[in-house]
Amino acid sequence: QYLKDESFNNKSYEKAEKNIVENRKWYDIIKINGYIQARYNGLFETNPDLAVEQADKNWGKDKGISFRRIRVKLSGWLHPKVYMYVQGDFASEFSLKDAYGDFYADNEKKLWLRVGQSKVPYGFENMQSSQHRIVLDRNDPFNSALKNERDMMAVAYYTPVKFRKVYDYLKRNNLKHSGNYGAFGLGVFNGQTANTPDENDEMHIVARTSYPLMLPNKQVFEFILQAYSGNYVVTNTSEGVKTTIINNEGHEELIDANGAEFEDSRIGAGVIWYPQPFGLQAEYNIGRGPEYDPSTNTIKVQDLHGGYIMAMGKIDYREHSFFPFIRYQFYDGGKKFELDARSYTVDDWEIGLEWQPMDAMEVTAMYVIADRRYEDGELPENEESGNLLRLQMQLNF
Amino acid sequence: QYLKDESFNNKSYEKAEKNIVENRKWYDIIKINGYIQARYNGLFETNPDLAVEQADKNWGKDKGISFRRIRVKLSGWLHPKVYMYVQGDFASEFSLKDAYGDFYADNEKKLWLRVGQSKVPYGFENMQSSQHRIVLDRNDPFNSALKNERDMMAVAYYTPVKFRKVYDYLKRNNLKHSGNYGAFGLGVFNGQTANTPDENDEMHIVARTSYPLMLPNKQVFEFILQAYSGNYVVTNTSEGVKTTIINNEGHEELIDANGAEFEDSRIGAGVIWYPQPFGLQAEYNIGRGPEYDPSTNTIKVQDLHGGYIMAMGKIDYREHSFFPFIRYQFYDGGKKFELDARSYTVDDWEIGLEWQPMDAMEVTAMYVIADRRYEDGELPENEESGNLLRLQMQLNF
Amino acid sequence: QYLKDESFNNKSYEKAEKNIVENRKWYDIIKINGYIQARYNGLFETNPDLAVEQADKNWGKDKGISFRRIRVKLSGWLHPKVYMYVQGDFASEFSLKDAYGDFYADNEKKLWLRVGQSKVPYGFENMQSSQHRIVLDRNDPFNSALKNERDMMAVAYYTPVKFRKVYDYLKRNNLKHSGNYGAFGLGVFNGQTANTPDENDEMHIVARTSYPLMLPNKQVFEFILQAYSGNYVVTNTSEGVKTTIINNEGHEELIDANGAEFEDSRIGAGVIWYPQPFGLQAEYNIGRGPEYDPSTNTIKVQDLHGGYIMAMGKIDYREHSFFPFIRYQFYDGGKKFELDARSYTVDDWEIGLEWQPMDAMEVTAMYVIADRRYEDGELPENEESGNLLRLQMQLNF
């Protein structure tokens, strides 16, 4: 017996593993799952003109019950060192979310290269799945960096084994982690956001580090630092919106903003105290990017900054989990991918409760107190404030 | 042995069940299936100008073989009391059909709440799946109530166990049942039909009851009564089409019909004698709804009514099943979701045969004798009649 | 024991098989798999104006990394004699590729009828899956016959058992076969290419024969002959492009080319020497079809011809396979489905290497030396030549 084990050298192990791999059925290789989110944004609405396009296109003027997300994912290990992930949204029209491969360099799964469309590692809440996020929509200060959070990219990630164990602990205990996007990440992406072809010959560059600290009493703190830089080409403008460039002769010249290139750089920090049972989450970022200027009807590179702070709890009662939360967010800057790199000032409070009666289901109610200025070439003077109660039901499959 | 069974109390049963549930593989939770329908509408066509938009957009002027439906469904029990169902159509572009959750109140699955996009419980043939329907397309008198039969909704259903047993008998014996939409159903829906955002702050309300009667000789009769009511906003109009409202000063005023709200209410009854081997199926409804008026080029709330009667058989020979049928339908009213709430008079005969050589496959041939008036702002005087032979092949997977 | 086997007559065998079939789980019936192709067309590009629309819409002017294909397939035996296959592309918007059923006449699976949208059996490389093709894009001389290679069709195929064994050998040994499209094939198709409704009452007709010859030393040669014929209706034209017809009075008349019908017929031959380790592949076809004529700004039926020859190798090293290749292609004729049946002269060299480090993954690098004239009503004088390096990464699941 002992000899046999001895003889089970690496070669025969590899053969055995290969055999297992080759005899796998398709449903052992590929896993299909997903989730559905239905919403109602019409309760106690004080201002139907307040709309928040990026968060939920069915917010603003009661539009009945609507689907926010119907997600189906195909994922699996195609090879001991190759993982693939494809996710689409079927809520109205089909829209591709993720399609990437992870290529691992080692057997401990410490170092890997991710190639394809995936989330850009910028912002904790951006990376956290909407399936797990407590608040209904992502915060503006970080989400303004990346429409749909994604881009076509090649990013290298590295996670030491002891960090991965903390991430696994967070996941196992339903603590609303972002998933493993590396303790260190470094890569390039097209820069025009998801499902949009590149518009210049340059790539954006992104770097990120996360340090998850577990105390002896199992309380976990995560510290995050990240930055990206590149040039963004504005492609969605109103008639007549211009921008100023320095032309070949060294003079200022006013040209059409559509197709013009703008600096697009940010640096952000975050800290998360995971809720056992009390938690805090805060992120803040500063940067420069294209933003509409109503006084001149032009798009200019301007400073931007913003952040949020959230206190949340996790209360388990029998099979049920409850996540009460309160969040304040502010943002002053542009949204490069909206009309005319729309100019924003955001000053919002959100207070609510997520209830998980079982793994398969969540219900969230959230009261919003919003004050938002959002201006573009078509609405150069536009500030709306209002309150409403928003409801979401989620099914996980 | 007896003691052990005794000791198997409710608590440990729940634990065991939970264990089974938690160890389930994704493919034990989710089931993927569907069907494909290909058609040919070009044989013996006497009038290429006769087109029936809602039934089949490839009817009228020979357009070769075409797909009518390519359906893929994901469904499963996410929890002993939570069922989910998602269905999409991939025949040309992607189109969402169903996406709902069923939340059961009891273990006998008598009472449940359905939330999401699903079929509105109005009309037996509307609820019957196209996978099981004998006739190629649904009848106009009931289908004119609901484009794609569906809406975003919350409906409570109740089915006594003894009724469910009859429904199961009908299903098991391939008798073309509609599926279990409750012996009693009561709920609300957005009212603008599937994949369309709501346009007013009101919900439509719907109620339905079905009584399946099984005689000692196993012959089954089902009696159905249903009604819905709400206000529908017309959003698809030709240039210049108006409607008359009573304005704030109490006077009549002619305004643009686009965006105007109209009464939309119906009540209908149905009876089905399931084919063992001979059957009959009849439905009739009356109501009021928006309808184009060619004489004034306006849309008005008008009376509508219509129904159909079908005689059908079920003949089993070895593995094969044959369903011969003859149907007469008439309808006089509008189709609120078509251009200008198009005005219709329908007077059609259909005679044909469905052949099921195996579970996986069906072939249907159907001869149509149609006489249809359909008028809108662009074609204010339009009546077409004609005959043709229509063929369908269906694969079930 | 012996008696029992004796008693296992045909009747009970059928029953047993039926039982197995009926107790199959959905995942034993349906198999889901697919592949992803990501590309980068921006290296060492000498002429950004050189674009090759049919091959890759992200070729020409650096557009960053892009997806060429994200394919998901559902396939399976629904019955011992019925096979179904559905394939969609999810690379940006959803697009239906295949949806067909195969109905077998015998148990040896020699003769079958394929009905639905599938590849038209014209051109070896057209039928070969993009998952298996070495060169990044299909050759113009054959692919110009069929956009997306597919159409709605009904085709009968016949493959003797001994031929099928050769096809199986080619597949098992990863020799880049086209798959079994019959030793003989005969059928009809709509004629307007995939996902496009038919425009006339006629079907195209297609016939094909393939003879796979295996020598005693296992070298395999395949000889292919095929032809199709029909009338194609041009539906994609620039303003003002005309065509000449003979009108009812027998005179020539200049009419709008849009909607006009043109002869569309081809005959082609091919020979493949499968790479063990050295191989050759060549195809050539001639025919007549609609083609834009810049001198008169009309579309005319003109002669077309073209072909390609490729030398390739297959080198296995441990788990890895390498496929070096060099291909020359030329084409002189129209592309009926492009704008104004665009007129082409193609004169391209491609040299590259496909590397398969494992079953799940492929990387291809290919240097292209292209010289292409492509002219239509909007660009009546247009010739572009240039070189570039193209990269592709593929994941198979």
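I take buried to mean under 20% relative accessible area, exposed over 50%, and partly exposed in between (1.4 Å probe, protein chains only).

This is a predicted model, in which local features need pLDDT of at least 70, side-chain atom pairs count only at pLDDT 80 or more, and totals for chains, interfaces and linings use all residues. Residues are numbered from 1 along each chain as its sequence is written, chains are lettered from A in the order in which they are written, and side-chain values use heavy atoms, with hydrogens and water left out.

Entry on salt bridges. I counted a side-chain nitrogen of Lys or Arg within 4 Å of a carboxyl oxygen of Asp or Glu.

Entry on chain B. I looked up Asp137(B) and found it buried, at 5% relative accessibility. Its side chain forms a salt bridge with that of Arg68(B), 3.8 Å from N to O. Asp137(B) is in the loop between helix 4 (124–127) and helix 5 (140–143) and Arg68(B) in strand 2 (residues 65–79), so the pair ties together parts 69 residues apart in sequence. Helices (H or I, at least four residues) and strands (E, at least two) are DSSP runs, numbered from the N terminus.

Entry on chain C. I found Asp137(C) in a salt bridge with Arg390(C), at 2.8 Å from N to O. Arg390(C) lies in strand 19 (residues 383–396), so this pair ties together parts 253 residues apart in sequence. Asp137(C) is buried at 4% relative accessibility, and Arg390(C) is buried at 0%.

Entry on chain A. I noted a network of salt bridges linking Arg39(A), Asp56(A), Arg68(A), Asp137(A) and Arg390(A).
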